Amino acid sequence: MAVRFVASRKTLAQTLTPALRHYRSLTTVTLPDLPYDYGALEPAISGEIMRLHHQKHHQTYVTNYNKALEQLESAVSKGDAPAVVQLQSALKFNGGGHVNHSIFWQNLKPVGEGGGDSPHGELGWAIDKDFGSMEALVKKMNSEGAALQGSGWVWLALDKEQKILKVETTPNQDALVTKGAHLVPLLGIDVWEHAYYLQYKNVRPDYLTNIWKVISWKYAGEVFDKECA
Amino acid sequence: MGSQVVMASNWCGCGVVSSNSRKMSANDFKLSSSPFKFSKPYPRSARSAYRVTAYYGLTTPPYELDALEPYMSKRTVEIHWGQAHNEHVEKLNKILKNSTFYGHTLEEMVKATYNNGNPLVEFNDASSLWSHDFFWESMQPKGGSIPRGGVLNQIEKDFESFTNFKDEFANAALSIFGSGWVWLYLKRNEKKLVVAKTQNAVSPLVWGDIPIIGLDMWEHAYYLDYKDDRLAYVNNFLDHLVSWHSVMVRMMRAEAFVNLGEPKIPEG
């Protein structure tokens with residue numbers, strides 16, 4: 001007599017899911033390489049700061065973000081909603097730290113490779129239209145960056161909906177998107193103390209004045225053109 | 001150095017700084033000689049009489065700037081106290097020129113300008129100023145190790161063990177996202193010591209409790225000496241810098257406001 005195996009949907013799910021899970025791997029992030037040497041941005045930003053900033057601070061965000069991702073995956077698969085919710089602040093902080101710094105490294109370039117040059121093309125026109133002049137933009141970003149209490153970032157953002165450029169700030173490691181999905185970060189300046197303290201001590205305005213010498217508009221221009229295409 | 005006990009000085013660093021004055025003379029108070037003329041009960045030139053304007057000053061830490069070496073370098077203290085802390089004093093004085101909070105004590109101002117979470121413009125500098133005064137006095141040369149007597153008893157009562165307290169303190173410090181402070185403070189309602197972290201310039205003053213130890217975890221407090229190694233900074237603070245003498249004095253003062261239990265009356 002044939003034995004009939006009735007595989008219920010539940011049994012099927014239980015047998016298949018482990019197999020499926022074997023093929024699904026968690027996509028973690030890695031620390032991006034800098035496209036220049038640590039000392040290449042001197043004297044605006046010292047090599048010591050660049051090395052610590054990249055190898056220690058950014059690396060810590062990457063490591064902790066990946067850890068939080070793994071914990072999140074485990075919590076999601078267990079259906080542990082409180083754990084999922086509890087992980088949000090670690091994800092926002094470390095994920096934001098990774099996202100923000102990845103943009104930051106691309107905003108900086110040594111003097112010979114575009115650092116300190118003016119923006120060209122459409123972005124240059126947009127800056128003049130929305131701020132009056134490049135100098136006015138720099139002044140606005142510097143004053144907002146200097147006034148930021150505690151740790152955070154100052155951004156040149158493109159408002160996709162209104163199609164204008166704006167200067168925004170975010171606290172701690174909050175990414176620009178936390179202020180609105182319609183905001184695209186073109187240029188970000190890290191005003192956490194670790195970004196400048198070893199060199200400029202507590203004189204944040206000096207750091208902000210000098211960093212423009214190594215800010216490159218290439219990345220910002222590319223993002224701008226892509227969004228406005 | 002003849003370092004003084006600084007119990008009272010940190011609560012209000014007020015001092016007369018400037019006065020618009022011209023020399024008063026006897027003529028200002030001369031009453032009219034005739035009994036039939038209306039005599040002014042106040043100096044003739046009262047309206048332009050001297051005005052005292054009192055502002056906040058920078059209180060000095062109760063030790064030499066290099067006294068906390070090697071756990072906190074002279075350079076760090078020079079910049080942290082001499083520049084950053086000083087800047088808060090100057091900024092606050094500037095804001096106070098046009099502020100309704102002029103004349104408040106620092107503690108009153110911190111609480112009032114916190115405005116239940118919607119801080120007013122004075123809050124940041126006022127609270128940073130208070131917290132930094134508190135911070136320097138939370139440390140001493142050859143500090144750290146272990147407290148004795150009543151302080152130790154209270155900590156063991158509220159944290160189960162001194163090691164537990166240190167662990168909790170360090171964990172809170174390391175879990176701060178961004179800039180902040182870590183505090184050991186006395187909760188008035190629950191009458192117990194608690195560890196908590198705060199963001200930016202917030203301190204337990206704003207919710208009405210009594211701070212006992214404050215550790216600045218902003219990067220400027222440790223970056224020159226420890227770079228990103230916050231654990232070493234916190235451990236050195238707990239093991240070598242924290243002033244249990246200050247803690248004892250603060251607890252004594254706090255007992256005037258919080259009943260920490262029945263007093264031990266010696267027998268006989």
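Rings of Phe, Tyr and Trp, the last by its six-membered ring, count as a pair if their centres lie within 6.5 Å. In this predicted model, a search of the whole structure finds 27 such aromatic pairs over all chains. One of them joins Phe134(B) and Trp183(B). This pair is tilted, with 5.9 Å centre to centre and 45° between the planes. The two residues come from distant parts of the chain, 49 residues apart. Phe134(B) belongs to helix α3 (residues 123-137) of chain B, and Trp183(B) to strand β3 (residues 180-187) of chain B. Both Phe134(B) and Trp183(B) are buried.

Trp183(B) also pairs with Trp181(B). Their ring centres are 5.4 Å apart and their planes meet at 15°, so this pair is stacked. Trp181(B), like Trp183(B), is buried. Trp130(B), Phe134(B), Phe135(B), Trp136(B), Trp181(B) and Trp183(B) make up one aromatic cluster.

Charged side chains also meet rings in chain B. Arg250(B) lies over the face of Phe134(B), 3.6 Å from the ring centre. The charged end of Lys97(B) sits over the ring of Tyr55(B), at 5.6 Å from its centre.

Chains A and B are in contact through 18 residues from chain A and 18 residues from chain B. Together they bury about 1,800 Å², with 55% of it on carbon and sulfur atoms. In chain A, Glu193(A), Tyr197(A) and Asn202(A) lose the most area to chain B, together 31% of what that side buries. One salt bridge is found across the interface. It links Lys227(B) to Glu48(A), at 3.8 Å from N to O. Seven residue pairs are in polar contact across the interface. On the side of chain A that touches chain B, α2(A) gives the most, with four residues.

Technical notes: Residues are numbered from 1 along each chain as its sequence is written. Chains are lettered from A and ligands numbered from 1 in the order in which they are written. This is a predicted model: local features need pLDDT of at least 70, side-chain atom pairs count only at pLDDT 80 or more; totals for chains, interfaces and linings use all residues. Side-chain values use heavy atoms; hydrogens and water are left out. Rings of Phe, Tyr and Trp (its six-membered ring) pair if their centres lie within 6.5 Å; planes under 30 degrees apart count as stacked, over 60 as edge-to-face and the rest as tilted. Buried means under 20% relative accessible area, exposed over 50%, partly exposed in between (1.4 Å probe, protein chains only). A charge sits over a ring if NZ of Lys or CZ of Arg is within 6 Å of the ring centre and within 35 degrees of the ring normal. Contact means heavy atoms within 4.5 Å. Buried area is the accessible area (1.4 Å probe) that two parts lose on being put together, summed over both. A salt bridge is a side-chain nitrogen of Lys or Arg within 4 Å of a carboxyl oxygen of Asp or Glu. A polar contact is a pair of N or O atoms within 3.5 Å; within protein, one must be able to donate a hydrogen and the other to accept it, and residues adjacent in sequence count only if both atoms are side-chain atoms.
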